[in-house]
Structures are given as structure tokens and as C-alpha cells.
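Please consult the sequence and the coordinates alongside the text.

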Amino acid sequence: MARQKAQTSAQRQAKASGRASADHGETEEMAVPQFFNTTFSTHRASPLYIGTQKLDQARLDRLAHRLRDTLVGDVVRGVQIGLEATDTPMGQVGPLKAVNFRWFRPTDILGERNAEGDDEQSDEQNKGLWIEMRHENAAYVALLLPGLSQSERGSNIPTARQFLHLPLLLLRMPQPLKAVIGEWLSTTFDCRVTKLNLGTRTLVNILEGWIQETGLPGADSDLVLTLAFNAPVTDRGREAALPLSGDTGDDDGEEDKVAEPGLRSMEISVSASDLRRFLRAGKALQKSKRTASKTASTPSSNQPSWEHDNRERRRLAGPHIDDGWGWLKNKEGPAYPLMEALAHHLDHHMALNLFHPGVRVTQVSCGGFVLSQSRIKIVKTADATEDLSKAAWMFITLLGERVQSDGMSLVT
């Protein structure tokens, strides 16, 4: 009888252990951040100082508790934040329920990577950090992703084990909370968190690369490009010296309106049915350009001054390293057939030189993604396919290269 009881007790323990293992496995399976169909703002973080203590789950739980204490009532820089009762565009978020820190792998959210993307990075450098803040009626997340660009592998990565290199920070939360999270990360890990502004080069590379990986958007998805112009401000002294006809001399603020540049931005929409023809025409234009460049002996006198003057190009483009279209002169770089066709079309019909240094791309929207200077969103309408995973990896890799391409001083 005693033996029978002991056996029954052992069976109960085994069943309980099995249920616990199953629940734990289910929890681990569910503990994956949502990446697709989510709009994130882009930021950059310098290497995180974690010290000699390992950043295991127990330490992450302690950090989560400290962040929760900050959010539910602590004072940040002398200002009571009280985020548990803040009205946001999503509605009343309600009280803060939990703050969680978890590790995740990029393959969990992006899908499997192709073989050529494999590298010899350590297991620690292949993980990302997921911070989740769950309120009663909303959930906010921060994703710290490892360096996934080719230029970051094996170079410029701190060799000291006290540092953790998670340079790409994606946030989905209201602006007041972004400021609090950025300051908390900076204080806790002795790092610098700054906004990552994406320029023309990154946006165009992602668009052209996306088309190469997934093909053209579907028949119901048009391509929309938003262009902005680095137009010089009108000389106010000259405007004051030459008054407008009928000006009575009264200072009513009209001078300020006259002095502002006229065209700030414009949207270019290309229907899905025309994209294939644009792409085909762009490839033909690139082929003819290569042929013309081989036969040309000297630069044409009709070329503008900035064509061969990098300093003038930079002045016209502005301070952002991604703007100015100067990379088009790199003959060994990637091809831009869609941009070539679009530039030819705009020049022919609107006399607008798309490749002028003062013209920049500020937003790209198509069926697969929406990308602006500081926001990203990758759309997934069904289960992730191999092409979508390859495109998502390309997307994040190019963002990593953008983070690596310049210093922190330019990421503002």
C-alpha cells in the first residue's frame, strides 16, 4: 500500500513536472515581440555597459522592477511623469500592469536567414533585448537589435565583455514615454540614446533592395514617394529693400510670409500597373548611361557646377550624410533602375531634376513597407514567406549599416 502511494505520488509529480515544462515551453514560444505590421520609431544606442556581472534573466528581472518603479511614480528630472494615467492617441492606457525584459533572437521575428548571411558572431551578439510595458489597455515595446550589417562584423565592436553592442533601438510608444525610456537606458547602461534620422540613400537602397528580394508590389499597391527640397531661404534684406506693389509700409508680418520658400514637399505616386514599365525603362537607361560614359572623353560644359564639386554638392544637400545623391557616382555600387526611370520621367514632364543635391526622399510607401526619416513599418498580410524574410533581413541590415556609417554626432 505504501509502495502504491509512493508510486501515485511520483506519477503526480511527473505529470505536474510535465505540465510545468509544457507551460514553460508555451511561454517561451509566446515570448516573441511583434515586429511585422507595427510602426516603430528609429533610434541609435551606443554600446551598453553591463559590467562584469552576466546579464541573465534574473538580472533582467531586477532591471524590469527598477524601470517599473520609475514609471509608476518616481520623479524624472524633477517632473512627475505619472504615465499610468496619461491620455494618448490610443485612448486611456490605464494603470501599468507589468514591465518585462526578455532576450530574443532576430530569427524569431524576421524569419530564418539565408546561408550567405551566417557569420561567426558570438551567441551573445546574436541576441536582441525586448522591453515590454503592459498597461491595462495598451502595451508599449522597445527592441534593442544587435549589429547585423556586414561592416559591423568583426570590426568596431567593443572587445571588452563589459559592453553589449545593441546599436539599433526601435520604439513603439508615445513621445513622453520615449524620452523617459531613453534617459533610463542612458543612466542604467552608461550609454547614449539618440534619434536616428534616415536620409535619401537609406530609403532608396531599401526600396530598390526590397523590389529585388520580393518583386514588385501587388496590383492593389501603388508606390508613393515623398520628396522634400533643401530650398535656400529668400534674402530678407533684399525683400525689405524691394517692397511689394501696394505695400503701405505697415508691419503686419506679411514680409515673413513672402520670405519663406514656396515648395516644401511633394508626393509622387506611381500606380502598380506602371511600376513594371518603369523598372524596365530604368534598366535600359542605366545601360545607355554606361555606354555613354565609356565613349565620353571629357565632361560636358553643360553640366552644373556641383556635378564634380563635392563641397558644393554638400552645401546644396545640407548636413545629412545620406542626402545629396553623391553615391550615384560610385560605378561599383548597387543599381537604381527605378530611380533612374522616375528621374527621367520627372525631368521630361516637370523639368524637375530628381538627382539635384537639394532634392531628397523623405518617405517611401508601397505594399510591403512604409519607411520615413524616423519611422518604419513592414507589412505582413499572411504567413512569412522566404522572400519576405529575406527582404526583412535586408531591411534591418541596411538600417544597421546606416547606424555604422557615421558617428554619433550626425545621428540627431
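Q: Which residues are buried in H2?
A: This is a predicted model, in which local features need pLDDT of at least 70 and side-chain atom pairs count only at pLDDT 80 or more, while totals for chains, interfaces and linings use all residues. Residues are numbered from 1 along each chain as its sequence is written, and side-chain values use heavy atoms, with hydrogens and water left out. Buried means under 20% relative accessible area, exposed over 50%, and partly exposed in between (1.4 Å probe, protein chains only). By that criterion, the buried residues of H2 are Arg59, Leu60, Leu63, Ala64, Leu67, Thr70 and Leu71.

Q: Within what arc do the buried residues of H2 fall, seen down its axis?
A: The arc is that of the directions from the helix axis to the C-beta atoms. The buried residues of H2 line one face of the helix, because they fall within an arc of 145°.

Q: How far does helix H2 reach from its first C-alpha to its last?
A: Helices (H or I, at least four residues) and strands (E, at least two) are DSSP runs, numbered from the N terminus. The expected span of a helix is 1.5 Å times one less than its number of residues. For the 15 residues of H2 (residues 57-71) the expected value is 21 Å, and the helix reaches close to this, at 21 Å.

Q: Which residue in E14 is the bridge partner of leucine 227?
A: Two strands pair if DSSP finds at least two bridges between them. E13 and strand E14 (residues 265-270) run antiparallel and are joined by six bridges. In E14, the partner of leucine 227 is methionine 266.

Q: Which residue in E15 is the bridge partner of alanine 228?
A: Strand E15 (residues 359-365) also runs antiparallel to E13, and six bridges join them. Strand E13 (residues 223-229) is largely enclosed by the rest of the structure, because six of its seven residues are buried. In E15, the partner of alanine 228 is arginine 360.

Q: How many salt bridges does the count come to?
A: A salt bridge is a side-chain nitrogen of Lys or Arg within 4 Å of a carboxyl oxygen of Asp or Glu. Under this rule, the count comes to six.

Q: How many residues apart in sequence are the parts that glutamate 132 and arginine 102 tie together?
A: Glutamate 132 forms a salt bridge with arginine 102, with the closest N and O atoms 3.4 Å apart. Glutamate 132 is in strand E8 (residues 128-135) and arginine 102 in strand E7 (residues 96-104), so the pair ties together parts whose separation in sequence is 30 residues.

Q: Is glutamate 132 buried or exposed?
A: Glutamate 132 belongs to a network of salt bridges with Arg102 and Arg134. Arginine 102 is partly exposed, at a relative accessible area of 24%. Glutamate 132 has 12% relative accessibility and therefore counts as buried.

Q: Which helix holds lysine 390?
A: Lysine 390 meets glutamate 213 in a salt bridge of 3.6 Å, N to O. Glutamate 213 lies in helix H5 (residues 200-214), so the pair ties together parts that are 177 residues apart in sequence; lysine 390 lies in helix H11 (residues 386-405).

Q: In which helix do arginine 315 and glutamate 312 both lie?
A: Arginine 315 forms a salt bridge with glutamate 312, the closest N and O atoms being 2.8 Å apart. The two residues are three residues apart, about one turn of the helix, and both lie in H9 (residues 310-317).
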